[in-house]
Amino acid sequence: LGGTLSYYFGENDTNRDGNYLALSSYEVLPVTLSAYIENQTLPSWRNRLQLSQVNNRIVGFQAGSDPLPIDGYTVVNFSSTLKIGQGELTLDLQNLLNEQYQTVNSQLDGFVDETLNLPARGRTMSLTYRIQW
């Protein structure tokens with residue numbers, strides 16, 4: 001079991017008048033929580049299920065440094081790795097629940113330029129074989 005919690009906060013006084021305002025979401029990401037469970041099924045096989053939660057962020061919008069409030073999202077990923085020969089075969093399933101969301105940068109960029117208003121990837125699968133020497 002494991003996880004991370006990321007919390008950032010920052011203010012800036014651009015006018016040097018003593019009035020500090022929250023930094024934009026380009027500079028300060030929303031609170032992010034990741035949690036995972038990993039299992040070594042066999043000595044040469046391990047599996048990992050991970051959940052990542054990016055929270056809403058409104059303080060940048062309220063301060064005028066963001067053009068809109070940031071909507072949070074949750075993504076679930078799965079990875080399975082098997083040692084084969086001299087390398088490892090890995091199956092990755094990203095966005096396992098096929099959630100529709102936009103990353104923080106896509107939300108901000110898409111407000112300014114509609115051509116940048118892009119959704120994040122849907123469910124994605126990759127199979128890789130890696131050899132280290």
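Analyst: R57 and D66 form a salt bridge, with 3.5 Å between the closest N and O atoms. The term salt bridge means a side-chain nitrogen of Lys or Arg within 4 Å of a carboxyl oxygen of Asp or Glu. R57 and D66 are both buried, where buried is under 20% relative accessible area, exposed is over 50% and partly exposed is in between (1.4 Å probe, protein chains only).

This is a predicted model, in which local features need pLDDT of at least 70 and side-chain atom pairs count only at pLDDT 80 or more, while totals for chains, interfaces and linings use all residues. Residues are numbered from 1 along each chain as its sequence is written, and side-chain values use heavy atoms, with hydrogens and water left out.

The structure has 5 salt bridges. Side chains of opposite charge can pair when their charged atoms come close.

E38 takes part in a salt bridge with R48, at 3.3 Å from N to O. This pair ties together parts that are 10 residues apart in sequence, because R48 lies in strand β5 (residues 45-54) and E38 in strand β4 (residues 32-42). Strands here are DSSP runs of E with at least two residues, numbered from the N terminus.

E38 also meets R46 in a salt bridge, at 4.0 Å from N to O. E38 has 36% relative accessibility and therefore counts as partly exposed. R46, at 33%, is partly exposed, and R48, at 27%, is partly exposed. Salt bridges with shared partners join E38, R46, R48, E88 and R130 into one network.

Methods:
Helices (H or I, at least four residues) and strands (E, at least two) are DSSP runs, numbered from the N terminus.
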